[in-house]
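Let's take a friendly tour of this structure, from overall dimensions to a single side chain. Have the viewer ready and follow along.

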Amino acid sequence: MLTKPKISKRKWKPQAAIPYIVLVFASIVAVLPFVWMVLGSFKTGRELRQTPPTFFPQEFTVENYNTIMQDEDLPLALFYRNSTIVAAANVFQVLFTSSLFGYIFAKFDFKKKDLLFWFILATMMLPSQITMIPGYLILAKLKLINKLWALIIPAATDAFGIFLFRQFSLSIPNELLDAARVDGASEFRIYRSVVLPQLGPALATFGMLTFMFNWNAYLWPLIVLTEEKVRTLPIILTWYSNQHANQIHLTMAASVMVVLPVLLVFAFTQKWIVKGITLTGLK
Amino acid sequence: MQDVQKKGRRFFRQVSMKRDAGKRKFLGFTVTPLVLYMTFWTLFPVLWGFALAFFEYSARRSGNTLLGFGGDNPFVGLQHFKSMLNFSPEAPKWVRQFHISFKTTLLFAFIILPLNLAITLPLAALIESVHERVKGIFRTFFFLPVLAPSAGVAIMWGYVFHPQKGLLNAIITSIGGKYVATNWTADQSLMIMGIPVALIAVIVAYIWQDLGYNLVIFIAALQSIPDSVKDAAKIDGVNSWQMFIHIVLPLMKPTILLTSILTMISSFQVFDIIQIMTLGGPNDQTRVMSIDIYDNAFRFQRMGWASAVSIVLFLLVMTISLVQSRMLEADWEY
């Protein structure tokens, strides 16, 4: 009797599994420190003092989180509020100035335009360390140290944003702008009703990057905010960790509470952020 | 007829004049504030920052009326830059710390770059090679640290390297069977191939957070390589390793160059992770220039000296940027 020859549609090669194995292993290594911190935040202080250290919590507890929530020295809601105010204000003003001046540099001519644009580009190359000290001195003279304004007022423009939106505005057809002018629209109205809608996706992407950058900022807030009640989340987290260096079950829980919520939000928007990074090479 | 034409022309001229007036008004209302703002918050601080480097300056001393220059904050000319070249062991402590921080910054950046590329390039190729459906998941795993606050990342890695309660010691203990309590980030006698272990620890944390950037850029570059090129190579019997080395990598050369420069510039300015994990210690082993600038300016009130150091950092960044533009000017033909 003849048997039908077996024809497999696709030959499965064992080599095809190698990338998966390597990637799974690399992912485990990459998330391990994070898992360690999250697991640690559910351990008791006694367990963390044990030698040798344990990996999984023997006695699962949420006591650390309760302690932090009730700690009057650590009003997390206040610091979330501070961080949100600064990040939201800066996203708003940076998007406004970047889109407006990006559009102006792309579509208008005025005296010394090239010089001004060159200057803006040049500031992109300056390391922040150069302006850090005079920036602090100016804010001190204006009595703005330890005010959230210190993080907002000097951050109204973003050289990179202006550059980016100039590139995007170049592709807006002049006919569209002229048509609006013939219809009697004012220049500001044209910016608001014709140009801004065209820049929508770029605004979303750059806004997300700006939010992330402000939310995570460390050096500048560290310099200008020295009083506790005005601190932002990254600053308060390191302060709390130093204060409670011997109770790392508490500091681990605090770190999780500061890092995790926003990281989840970012994770859902990461498609936009990745697009922004690959599009611009922003670092 | 002629009259109508004349009228029409005049009408258009009026409209366009009105329009130009509108444009001028618009520019006046927008560009003028921008120029004023940037003069005050960018140009002025930059000039002030450069000027500070030629003074002995502290915010605590009042000095003269004009920005506190002069008086108690005397002009010292090129003194700061001259003492940077004082390599004798009797040089003041801050001069020796500057030398250490300059070396450490370069060492840090030149370890980060090859390590970063050695991880991200193969990783990008691997992620590109797996099934479409799981690609996104893997990419997310490696990209998420980019989005995390570096303060959180530094604290988290502190738990890995913690001498009593750390993950690293726990792993070594479980493999070796004997409890170890190595203080990875604070024991200055620990060295691997002449590189302090504390420095390696901050490098690991930095790379962990930073590699997602280059990864997504490389994935995008890989995707932009046309299928026709790859198909042609496949027909010629090229295996996937040869394809990566001889076809993919050369095509990605411009991208790799650009990301290398960006990686280098940002690692010259590393601050957060080192400040939180080691404070520049132990014994200045992880002291990089931005830590040195911060310490001098805001802890020791040597703002003039700190400005001079920041100018050196600026020159370092400029040099690399110039090399970058030279390299990009060269022709890149596929």
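This is a predicted model: local features need pLDDT of at least 70, side-chain atom pairs count only at pLDDT 80 or more; totals for chains, interfaces and linings use all residues.

The secondary structure of chain B consists of 13 helices and 2 strands. Chain B is more spread out than a compact globule, because its radius of gyration, 28 Å, is well over the 20 Å that the globule rule gives for 334 residues. The table gathers some values for chain B.

| Property of chain B | Value |
|---|---|
| Span of the C-alpha trace along the principal axes | about 105 × 80 × 35 Å |
| Radius of gyration | 28 Å |
| Buried residues | 35% of the 334 residues |
| Contacts joining residues at least 24 apart, among those between residues at least 6 apart in sequence | 64% |

Now to the partner chain. In the model, 69 residues of chain A are in contact with 72 residues of chain B. On the side of chain A that touches chain B, there are 50 nonpolar, 16 polar and 3 charged residues.

What about the interior? The largest nonpolar core has 142 residues, and those with the most contacts inside it include Ala154(B), Val202(B), Ala205(B) and Met277(B). Helix H7 of chain B (residues 197-223) gives this core its largest share, 17 residues.

Which residues does Met277(B) touch, leaving aside those up to four places away in sequence? Its contacts are Ala154(B), Trp157(B), Gly158(B), Thr185(B), Ala201(B), Val202(B) and Ala205(B).

Technical notes: Residues are numbered from 1 along each chain as its sequence is written. Chains are lettered from A and ligands numbered from 1 in the order in which they are written. Helices (H or I, at least four residues) and strands (E, at least two) are DSSP runs, numbered from the N terminus. The radius of gyration is taken over C-alpha atoms; the globule rule is 2.2 Å times the number of residues to the power 0.38. A residue is buried if 20 or more other C-beta atoms lie within 10 Å of its own, exposed if 12 or fewer, and partly exposed in between; C-beta atoms are placed from the backbone. Two residues are in contact if their C-beta atoms, placed from the backbone, lie within 7 Å. Ala, Val, Leu, Ile, Met, Phe, Trp, Tyr, Cys and Pro count as nonpolar, Asp, Glu, Lys and Arg as charged, and the others, Gly among them, as polar. A nonpolar core is a set of buried Ala, Val, Leu, Ile, Met, Phe, Trp, Tyr and Cys residues joined through C-beta atoms within 7 Å.
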